[in-house]
Amino acid sequence: MLTAVFAALLHALTPFPAAADAGAGAAPGGAPADWTARPGGGAGDRDARPYVYLEGTPGTALQDRLAVTNSGRAPLTVRLRGDGRAGAWARFADDTVTVPPRTRAEVPLALTVPPAAMPGDASGELVATGRGAEVRVPVRVRIGGPTLAALTVEDVEIAGGVIRYALVNRGNALLRPRLAVRVEGVFGTLLDRPERPLPLELAPGRRVERTEPWPDAPALDAVTVRLRVAAEGGARDEAEASETYVPVAPAAGGGLLLGGLAALASRAYRKRRTGRGTPRPPEPSEPPEAGAPPGTGASHRGPDPDHRPLAQAGARP
């Protein structure tokens, strides 16, 4: 009995931790030592909500509160802001709040859903910063309205033994795509992979670039690749791309052969033009006969009976 009384007395004389003093700052790990921030409305830890949850349609303003509790011995000043998609929609009654010691303050906030927001789920955070520490409170918003499932496959191309493509979620619902691949060549079907689920979840508005291996691509063929995608809610799309495969060695040999023929043709053409353009030397004239006057020659002789005009040919003497 004496031992129990002594232990109780020793516990009563033990001082409180220094973290409760003013200016204690943040505890190890970045969490504040003497203040908290959480969704408002709860009377204690057991009644506190784990996050702010709101529901509304596009264009509506939703109301809630953020509770800041200062358990220290000095006033606490915190700065409030929103972060993330849904957090950016929130506006506080005051962006900077001073909370007295040993006091809890609830700050009103309004979260306005944009008129163009698509139905579905949106998330974000409410951020409180003070005394060198930061607290983030999650926000979840359910936006009402009809659900639209829309999926597209885009930018299909063939690069060697790989088929590249992109998937885009054009709706407002979370999608789990399925893919089917078919390749047709000149002589028939080269690849036929039935529809199968892909290992990904496509959030609304998200774009993902993917590849499909094709190790048995032909060496010589003209092919057409067709991709078909589908997802829950009736979302589906189809796209295709074409490619021509030509062996490297024959193509190089054909190029050399054509180049050689072109060179030979060009050489023959230059030789022909050279033969046509060179003037022939004049024929030498016959020397003048002995006793003929100077300046006379074969070109100055009298008429040759064998070179009479055609009009006289066959005429009688």
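User: Which residue forms a salt bridge with Glu-240, and how is such a pair to be read?

Analyst: Side chains of opposite charge can pair when their charged atoms come close. In this predicted model, Glu-240 forms a salt bridge with Arg-226, and the closest N and O atoms are 3.1 Å apart. The pair links distant parts of the chain, with Glu-240 in strand S16 and Arg-226 in strand S15, 14 residues apart.

User: How many salt bridges does the count come to?

Analyst: The count comes to 21 salt bridges. One of them joins the side chains of Asp-64 and Arg-49 at 2.8 Å, N to O. Asp-64 lies in strand S3 and Arg-49 in the loop between strands S1 and S2, so this pair ties together parts that are 15 residues apart in sequence. Asp-64 counts as buried because its relative accessibility is 12%, under the 20% limit.

User: Where does Glu-212 lie, and with which side chains does Glu-212 make polar contacts?

Analyst: Glu-212 is placed in strand S14, residues 207-213. Its side chain makes a polar contact of 2.7 Å with the side chain of Arg-193, and another of 2.9 Å with that of Arg-196. Glu-212 is buried, with a relative accessible area of 3%. Among the residues that Glu-212 touches are Val-162, Tyr-165 and Leu-179.

Methods: Residues numbered from 1 in each chain as written. Predicted model: local features only at pLDDT ≥ 70, side-chain atom pairs only at ≥ 80, totals over all residues. Heavy atoms only, no water. Helix = DSSP H or I, 4+ residues; strand = E, 2+ residues; numbered from the N terminus. Buried < 20%, exposed > 50% of the residue type's maximum accessible area, 1.4 Å probe, protein only. Polar contact = N/O pair within 3.5 Å; in protein donor to acceptor, adjacent residues only side chain to side chain. Contact = heavy atoms within 4.5 Å. Salt bridge = Lys/Arg side-chain N within 4 Å of Asp/Glu carboxyl O. Lists of a residue's contacts leave out its neighbours within four places in sequence.
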